Amino acid sequence: MTGFVVGLVMSIMAVTGLVVDGSRLLAARVELDDHAANAARLAAQHIVDVRTGSERIDEQAGPRAALNYLANHGLGGNVAVAGLSVRVNTGRHVRMSLLSLVGVDDRFISVVRVVDVVDQ
């Protein structure tokens with residue numbers, strides 16, 4: 001009987017840990033996705049050469065603006081500009097609260113967002 005109770009309690013703790021820490025991972029991913037999208041949109045606003053007809057995103061100012069945005073929110077990442085497209089990659093470690101009791105200390109979450117400027 002005691003082994004059954006211990007097994008049941010451990011199972012309940014494991015499921016609770018998955019729910020609690022899984023929710024934290026999901027929330028962190030949503031937050032990172034939002035920041036990556038905002039950084040990419042900010043970089044995409046630095047369009048140059050509009051009057052010449054060969055529009056492009058400034059390869060210096062765009063990434064600088066995106067990286068400043070990420071830094072202001074305590075994040076780092078990579079920004080790549082190609083023509084009218086911006087790609088932002090960012091991530092961070094999320095510490096597990098309940099799953100750390102069974103040896104899962106943290107997980108790394110990363111997201112990539114791409115913004116394409118469209119002229120209509």
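**Close-up views of a predicted model**

**View 1. Strands β3 and β4 are joined by six bridges.** The two strands run antiparallel, and β4 covers residues 85-95. Strands here are DSSP E runs of at least two residues, and helices are H or I runs of at least four, numbered from the N terminus. The model is predicted: local features need pLDDT of at least 70, side-chain atom pairs count only at pLDDT 80 or more, and totals for chains, interfaces and linings use all residues. Residues are numbered from 1 along each chain as its sequence is written, and side-chain values use heavy atoms, without hydrogens and water.

**View 2. Three strands form an open sheet in the order β3-β4-β5.** Pairing is antiparallel; strands pair if DSSP finds at least two bridges between them. β3 (77-82) and β5 (106-116) each have a single partner strand, so one side of each lacks a neighbour in the sheet. Neighbouring strands are turned by 15° against each other on average, direction ignored.

**View 3. Helix α1 (residues 2-44) packs on the sheet.** Helix α1 touches β4 and β5; contact means heavy atoms within 4.5 Å. Its direction makes about 30° with that of β5. Angles run from 0 to 180 degrees between N-to-C directions, with axes fitted to C-alpha atoms, for helices over the stretch in contact.

**View 4. Helix α2 (residues 61-72) lies across β3 and β4.** Helix α2 runs at about 160° to β3.

**View 5. H35 sits in helix α1.** H35 is buried, with a relative accessible area of 11%; buried means under 20% (1.4 Å probe, protein chains only). Not counting residues up to four places away in sequence, H35 touches Y69, L70, H73 and L75.

Notes. Buried < 20%, exposed > 50% of the residue type's maximum accessible area, 1.4 Å probe, protein only.
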